[in-house]
Each structure stands twice: as C-alpha cells, then as structure tokens.
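Please open the model and follow these notes point by point.

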Amino acid sequence: METENSVPVIDLQDFPRQSSKFIKVCEEWGCFRILNHDNILPVSLMAEMREVVRTLFDLPTEIKKCNKDVIAGSGYMSPSEKNPLYEALGLYDMSSPEDVDAFCTQLDASPQQREIRTVNRETIKKYAAAIHGLMMDIMRKMGEGLGLENVSYEDWPCQFRINKYHFTPEAVGSSGVQIHTDSGFLTILQDDENVGGLEVMKKSGEFVAVDPWPNTLLVNLGDIGTVWSNGRFYNVKHRVICKEAKIRWSIASFLLGPREIAVEPPPELVDAEHPRVYVPFTFQDYRKLRLSTKLQAGEALDLMRTNL
C-alpha cells in the first residue's frame, strides 16, 4: 500500500493518466515501484532469472573470477574489506547480444553441466531483452511527460549486475553496501522477495525502508538522470542494511547514458528561466571522476556545475 512515507507506485498500464504523477515522483523522490509490467517483463521470467542467479553464485570462485571487467566495476566483485558481506557478477551491456553471449561463456562450468548452462543462457538472453524493452518503455513515458519529441536512448549501454549479500548474525545492523547514488540514468531493480534491507533517502535526509513486494520492480534515478533533466530529477541516495541473518539476492539493470557523445539536457528543458545547470560531459569521463575522487553519493555532480 502506498503511503506518504513509502516509495511511490507507478502503474504502467495507467498511462497517460499517471503521466503528471510520474514526472512529479521523478522530481521529488527519484525512485518508484512499478506495477503491471507483465506484458514486457513477465513475472514467470523474473522467477526463472532468480533461479539462474542462485546457480551462478554457486559456481566455484575460479569460474566466477572469469567474469572480467569491460569498464571498471562491470565484472566479478568478491567480498572486500569495504563491503565484506557483498558479492556480485555483471556484464557491461545487456542490450548487446555479443556481450550477453560473452558473459554466459565466461561463466560456463564443467561439461557435465551443459544442460544447465543452456537453460541459463536462454533465460539470461530473454531477461536481458525484456529489461531493455522495459527501460525503453519507461524512457518513452518520461519523454512524453516532459513534452519531448524524437529523443532516442536506443544506443545507451545497459549494464547488468547480480548481487548476493552474505548476511550473518554478527552483521545484523551493519552496512551491506554504503550510501551511494547510481552513476547512470536509471536502475531497474528486481529485489529479494523475502529479505529486506534496501533503504532510500528522501530529500529531507530521512531514510525510508523499501520492503519486499513480490512480482514488482523498483526504479532508481541516478546522476546522469539529474544532468539530462537539467537538474529536475532527483538522484536518489540509497544503501543496504543487514536486517536479518539470511542470504539476500538482487538483480540490478542500469541504463547508463550515451556511449560516446556528451550528456546534456534536451533543448526543450533549457531556457531563460531554466538555464543549463551542468557542463556537458561524457558518461565515461564522469565514471572516472567518481572513481578518482571517491565521491559516490552524488557529490561529484557539484564539480560539473556551470557556475563554478
């Protein structure tokens, strides 16, 4: 149930009636839960993908380490001193069939598991295509809500990460992942259906728990979304807290930004009353800035303002 202090809910089958609410939620919350996405991403495929995630993390460590970075942070991440409870696998661009194939090939195990591998590969391909289609649908609705025409996002890479949190009794109350914003435009998260822990920060600085809600998806807006919207959209800060001693899974898909051209707002969002807030920059340069400065919670955007 949606309340004043819970993440807003957007019904994808209730457009254009929800269009104004949708844009307001992007501005005020920077995150929302989506319902009725089954015509693009079926609930049955979500369930299949959950099972694939479990099998991938059960692979031997030497196999998981074959999942190499294409860009920083796009490959296997083992538990570290900073995030000792967190493990992840990923691929750079899930909209690229070649990248999806490469990801699956990296994680091929023994010949005895050939049948399992074939099922996993087909599920991952279907899921990647469905998530990309859902991203494009959300972006179209966003553009329509802002009165934009002829804006294309088709060539934007879509990074994919699957996450596992090894929560133990000793870890209850500690951080699973530190406070951060996502560097890209938007993130679609298929969260754990049973184990909570994700929290988002409102503009007031108050954290709101994102409780499990089966068969739905959560969308977060990131730093590139703020730049592209000329400062209108809120890049929501979020974190993961260990609430109970259980394994927690999540599947995150990130629409990053233009592959090579600079990020800047559409002309319709810049005028005398709404001057340009940020200088144009490429997504890759911005990622490097975040990594070099270790500013992971949106502060790096302050370095890109036009009035510095």
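1. Over which ring does the charged end of lysine 141 sit? The ring is that of phenylalanine 15, with its centre 5.3 Å away. A charge sits over a ring if NZ of Lys or CZ of Arg is within 6 Å of the ring centre and within 35 degrees of the ring normal. Arginine 239 also has its charged end over a ring, that of phenylalanine 207, 3.7 Å from the centre.

2. A word on the source. This is a predicted model: local features need pLDDT of at least 70, side-chain atom pairs count only at pLDDT 80 or more, and totals for chains, interfaces and linings use all residues. Residues are numbered from 1 along each chain as its sequence is written, and side-chain values use heavy atoms, leaving out hydrogens and water.

3. Now the ring pairs. Rings of Phe, Tyr and Trp (its six-membered ring) pair if their centres lie within 6.5 Å. The count comes to 12 aromatic pairs. Phenylalanine 103 and phenylalanine 160 form one that is edge-to-face (planes over 60 degrees apart), at 6.2 Å centre to centre and 90° between the planes. Phenylalanine 103 lies in H4 and phenylalanine 160 in strand E4, residues 158-166 (strands are DSSP runs of E, at least two residues), so the pair ties together parts 57 residues apart in sequence.

4. Phenylalanine 160 is buried, with a relative accessible area of 2%. Phenylalanine 103 is buried too, at 2%.

Methods: Phe/Tyr/Trp six-rings, centres within 6.5 Å; stacked < 30°, edge-to-face > 60°. Helix = DSSP H or I, 4+ residues; strand = E, 2+ residues; numbered from the N terminus. Buried < 20%, exposed > 50% of the residue type's maximum accessible area, 1.4 Å probe, protein only.
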